[in-house]
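Here is a briefing on one protein structure. Please look through the sequence and the model, then read the points below.

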Amino acid sequence: MAGVDFHDGVNKGVAPVTYGAGDRPPRGDYRKARADYTCEQDYGQYSAADHETYRRLYTRQLQQLPGLACEEFISAVQQLGEPAHIPHFDAVSERLMKATGWQVVSVPGLIPEEAFFALLAARKFPVTDWIRKPEEFDYVVEPDVFHDLFGHVPLLFNPVFADYMQAYGAGGMKASRLDAAELLARLYWYTVEFGLIQTRDGLRAYGAGILSSAGELRHSVTSANAERVAFDLKRLMRSRYKIDTFQATYFVIDDFEQLFKATAPDFTPVYNQVRQQIAEQGEIEAGQVLPGERRFSANVMTAGQAR
Ligand code: PHE
Ligand code: CO
């Protein structure tokens, strides 16, 4: 996410250079943001059509949560408040602060990773303030307010997950110093964005990229055309990922405690071991399963989900 001009992670009023982006710079007005990239949520900017887009996205997604999203997410999603319009971030923050000491802060869009890590380490979750255009209803390239808020914020009401996110931010600042940000980004991708969790009732999604996606939610949990393997930190850090299609591989955790404990040790030696393994055996492609690796089978679709 960080470009050379932004190595200090301090906003200078222009859009950050990002990984894997096309010719188009990130959307959003970075002139209005403070040095730490946060800005006011300019609530007056939203049109009636914007609120309607949010309402339609929310409604569509809410109805497919049962049987696909984890209980921790489902029980917290109503904390976002009134689903008929884009929430006021301050109101969400007030509830979140009481629950886990986190806050939601507004940002103009994607921000450089140093700035992102620093906010997470301070228990502030950056949420993009703009919403996708109606013609982007099913797919938007960059995260918008619906992805950031609906996808990420409900799990910040869970104490263990909330602590994991803060630890990730602190770990990110260290990874930048160790030149290991790309390895750490894989952890974020395969857990925070695209993680699955094993429950008594079968697999469920907890990753925000899945939970905010109309198609991938059902795909990740029920499709036979995806690999699902047990969470293993070093295996995961060797694994490449897809940014423009549904994931070919998902990593499955038993619970958030497992995730927190597995990521608590100092990563300095872990990064070195993973680099060594990559040098000797290469990276693992998305969709590739290693010999002897345990695979989880897809949930059987229920009648309600078979649409
Ligand atoms: N334990 C990690 C480190 O020392 C920090 C971390 C925690 C990273 C949780 C990601 C998630 O770098
Ligand atoms: Co996200």
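Arg 123 counts as buried, because its relative accessibility is 15% and buried means under 20% relative accessible area, exposed over 50% and partly exposed in between, with a 1.4 Å probe and protein chains only. This is a predicted model, where local features need pLDDT of at least 70, side-chain atom pairs count only at pLDDT 80 or more, and totals for chains, interfaces and linings use all residues. Residues are numbered from 1 along each chain as its sequence is written, chains are lettered from A and ligands numbered from 1 in the order in which they are written, and side-chain values use heavy atoms, with hydrogens and water left out.

**Positive phi angles**

- Arg 123 is not a glycine, yet its phi is positive, at about 55°.
- Arg 123 sits in the loop between helix 4 (113-121) and strand 2 (124-128). Helices (H or I, at least four residues) and strands (E, at least two) are DSSP runs, numbered from the N terminus.
- Asp 179 is not a glycine either, and has a positive phi of about 60°.
- The loop between helix 6 and helix 7 holds Asp 179.
- Asp 179 counts as exposed, because its relative accessibility is 68%.

**The cobalt site**

- Which residues coordinate the cobalt ion (ligand 2)? They are His 147 (NE2), His 152 (NE2) and Glu 193 (OE), at 2.0 to 2.1 Å.
- Donors are N, O and S atoms within 2.8 Å of the metal (3.2 Å for Na, K and Ca); water is not among the atoms, so sites may look incomplete.
- Along the chain, the donors of the cobalt ion are spaced H-x4-H-x40-E.
- His 147 belongs to helix 5 (residues 145-152) and Glu 193 to helix 7 (residues 181-193). The pair links distant parts of the chain, 46 residues apart.
- His 147 and Glu 193 are both buried.

**Helix 5**

- Why is helix 5 largely enclosed by the rest of the structure? Eight of its eight residues are buried, so the rest of the structure largely encloses helix 5.
- Among the buried residues of helix 5 are Val 145, Phe 146, Leu 149 and Phe 150. The cobalt donors His 147 and His 152 are also on that list.

- The residues around ligand 1 include Tyr 164, Tyr 168, Lys 174, Leu 187, Asp 266 and Phe 267. A residue is near a molecule or strand if one of its heavy atoms lies within 4 Å of it.
- The shell around ligand 1 divides into eight nonpolar, two polar and two charged residues. Here Ala, Val, Leu, Ile, Met, Phe, Trp, Tyr, Cys and Pro count as nonpolar, Asp, Glu, Lys and Arg as charged, and the others, Gly among them, as polar.
- A polar backbone atom of Thr 263 is 2.6 Å from a nitrogen atom of ligand 1.
- For Ala 264, a backbone N or O atom lies 3.2 Å from a nitrogen atom of ligand 1.
- For Pro 265, a backbone N or O atom lies 2.6 Å from a nitrogen atom of ligand 1.
- Helix 6 (159-177) and helix 7 are the elements that give two or more residues to this shell.
- Helix 6 gives the most to the shell, with five residues.

**Aromatic pairs**

- How many aromatic pairs does a search of the whole structure find? The search finds 20.
- Rings of Phe, Tyr and Trp (its six-membered ring) pair if their centres lie within 6.5 Å; planes under 30 degrees apart count as stacked, over 60 as edge-to-face and the rest as tilted.
- Phe 116 and Phe 117 form a tilted pair, 6.3 Å centre to centre and with 50° between the planes.
- Phe 116 is buried, with a relative accessible area of 11%. Phe 117 is buried too, at 3% relative accessibility.
- Trp 189 and Tyr 241 form a stacked pair, 4.2 Å centre to centre and with 10° between the planes.
- Trp 189 lies in helix 7 and Tyr 241 in the loop between helix 10 (233-237) and strand 6 (249-253), so their pair ties together parts 52 residues apart in sequence.
- Trp 189 is buried, with a relative accessible area of 17%. Tyr 241 counts as partly exposed, at 30% relative accessibility.
- Ring pairs also link Tyr 54, Tyr 58, Phe 73, Phe 146 and Phe 150 into a cluster.

Technical notes:
Polar contact = N/O pair within 3.5 Å; in protein donor to acceptor, adjacent residues only side chain to side chain.
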